[in-house]
Amino acid sequence: MWLLLCSEGGIYMVKKYLILFLVIASFGCGKKASFESQRWSIHSGQQPPQLENVEAYKDIKKQTKVLKVSDQQVLRAPQRIEGIEVEGTWYQEVKSPKGELISVSYKFAYDIDKSIVAQAHYIEATKEEIIKKAKAQFPNLDHEGEIADKHTILVESSLGVQPFLKVTVLYSNENRIVTYYLNSAGRVKKTSINKHDFTDGIGVVYSSAPTESELKSEPLRNLKGDGVLASDHLSIESAISPTPFSQNNIFQFQVDDREFDILQAYYFVDQTMGWFEDELGVKLNSSLNIKLHIGGLKPTNAAFFYAGNIRLGEGDGVIYEHIPRDPSIVGHEAAHAYVEYLSGLSFEGEPGSYSEAFSDFFTAIRLGRPEMGFYAYKKADYKRTIDNDMKANKDFNGGKYNDSLIISGTFWDIKKILGSEKTARLAKYFLIELGPGGKISDLPDVLTSVAHQHLLSEDWHVIESVLEQRGWRN
Ligand SMILES: [Zn+2]
């Protein structure tokens with residue numbers, strides 16, 4: 001027989017036999033609901049499950065009509081408790097045209113607390129009010145959408161089972177359905193999106209700096225699909241402007257709109273992330289958030305990265321202008337996340353020089369040009385370039401950016417001989433081996449070590465001659 005026992009809120013199957021003894025419902029069990037599922041078919045050679053004493057089964061048998069599906073007779077329904085559906089539960093039995101039982105499958109919930117059911121009834125009784133509250137908090141809920149269905153549902157969660165108002169919104173012209181789970185305060189606890197095959201959105205942006213490219217439709221990877229400009233790994237917000245929203249995930253703004261800069265910066269970071277994933281096989285283990293328009297209505301020259309956050313001002317119009325449109329600055333800040341992830345390097349002192357050097361280096365490789373700040377910096381053609389001839393030991397001055405240029409310049413020299421792909425890979429392994437406390441003087445040893453591991457021996461001499469020529473051996 002099988003014995004279903006309650007223990008620590010769970011149900012355990014002890015033995016599978018013919019007859020079912022149930023120890024269910026209110027006594028002996030904790031408050032936390034549990035679920036149990038089974039699948040039986042006539043081919044198993046075993047007896048079908050005996051569910052005569054299970055409330056959910058009795059209820060379904062009483063309430064549900066048998067359907068004819070093709071030539072089979074199917075009885076199929078979710079479990080309901082006092083009329084309220086328990087999401088994810090079901091019972092199904094299939095009979096042959098002759099009436100022979102062919103299969104039984106089900107998932108039932110047990111031990112749902114009475115107070116939870118009472119809350120569910122309250123939600124059901126106040127659902128119009130809940131929807132009103134939700135619309136006030138989330139105007140998007142109402143935006144071009146039509147509520148196709150709303151009903152109270154009990155949902156399995158880490159807390160057992162929780163009641164929600166499940167609202168299904170149809171965005172008719174985009175063939176898209178979004179389901180919102182609202183709590184009694186009208187807050188969205190969970191959404192699920194039935195997308196129609198397209199996961200990528202489109203942004204009408206510059207593919208590089210505005211001076212070097214035309215506005216055109218570019219892919220925005222892996223958008224969540226709920227209309228907000230965000231993926232599971234990247235989000236963006238502005239200090240003064242709402243986050244762009246587009247029901248069909250196509251984002252297009254006038255170039256003068258603040259939303260345009262939000263979109264453009266999002267695109268550059270998204271491209272950077274895609275490059276690290278595709279070219280170097282590096283995926284961050286946490287998500288990035290971009291905040292734009294730092295300084296609010298008084299534009300600043302802010303551009304920095306800290307703990308998963310990229311902060312960008314617009315530029316004061318004197319030293320920098322249109323920072324979010326400069327792919328080297330936005331890309332550099334995003335690259336910091338990868339440098340930190342690979343190496344654990346901090347931003348201060350000598351580790352800080354490495355951090356700057358490799359954020360520049362990866363950005364330069366990706367954009368195919370060594371100048372940083374080439375679009376937004378107004379005082380010169382660019383802020384700095386890694387295509388320089390500064391020498392180790394001779395030109396060090398302890399300045400974070402100054403010293404970083406010797407490191408990045410060394411790698412840029414290697415890139416000129418070995419090419420972008422090999423050198424970017426080398427840089428990746430270099431950072432991993434260097435680790436959090438890397439000193440500048442560690443560079444020759446670590447570089448030689450990773451070159452011997454990750455380059456063919458015929459390329460080793462390249463590393464040595466660049467180290468020599470850049471003054472690292474003096
Ligand atoms: Zn930096």
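Strand β20 (residues 303-306) runs antiparallel to β21, and four bridges join the two; strands pair if DSSP finds at least two bridges between them. This is a predicted model, in which local features need pLDDT of at least 70, side-chain atom pairs count only at pLDDT 80 or more, and totals for chains, interfaces and linings use all residues. Residues are numbered from 1 along each chain as its sequence is written. Helices (H or I, at least four residues) and strands (E, at least two) are DSSP runs, numbered from the N terminus.

**Around β21**

- β20 and β21 make a hairpin with two residues between them, and Ala 307 in the turn has a positive phi of about 45 degrees.
- Tyr 306 has Asn 309 of β21 as its bridge partner.
- β21 (residues 309-312) has a covered face, Ile 310 and Leu 312, and an uncovered one, Asn 309 and Arg 311.
- In a regular strand, side chains alternate between the two faces of the sheet.
- Strand β19 (residues 288-292) pairs with β21 in the parallel sense over three bridges, and Lys 291 stands opposite Arg 311.

**The open sheet**

- Three strands form an open, mixed sheet in the order β16-β15-β18.
- β16 (215-220) and β18 (250-251) are at the edges with a single partner strand each, so one side of each has no neighbour in the sheet.
- β15 (residues 201-206) pairs with β16 in the antiparallel sense over six bridges, and Val 204 has Ser 217 as its bridge partner in β16.

**Helix α4 and its partner**

- Helix α4 (residues 258-280) lies across β15, β16 and β18, at about 105 degrees to β15; axes are lines fitted to C-alpha atoms, for helices over the stretch in contact, and angles run from 0 to 180 degrees between N-to-C directions.
- The axes of α4 and helix α5 (residues 327-343) come within 9 Å and cross at roughly 45 degrees.
- That makes α4 oblique to α5, because angles under 35 degrees count as roughly parallel, over 145 as roughly antiparallel, 65 to 115 as roughly perpendicular and the rest as oblique.
- Residues making this contact (C-beta atoms, placed from the backbone, within 7 Å) include Ala 265 and Phe 268 of α4 and Val 330 and Tyr 338 of α5.

**Nonpolar cores**

- The largest nonpolar core has 73 residues, and Ala 265, Tyr 266, Val 269, Ile 290, Phe 361 and Ala 427 have the most contacts inside it.
- α4 gives the most to this core, with eleven residues.
- A nonpolar core is a set of buried Ala, Val, Leu, Ile, Met, Phe, Trp, Tyr and Cys residues joined through C-beta atoms within 7 Å; buried means that 20 or more other C-beta atoms lie within 10 Å of a residue's own.

Definitions and conventions: Contact = placed C-beta atoms within 7 Å. Buried ≥ 20, exposed ≤ 12 C-beta atoms within 10 Å, placed from the backbone.
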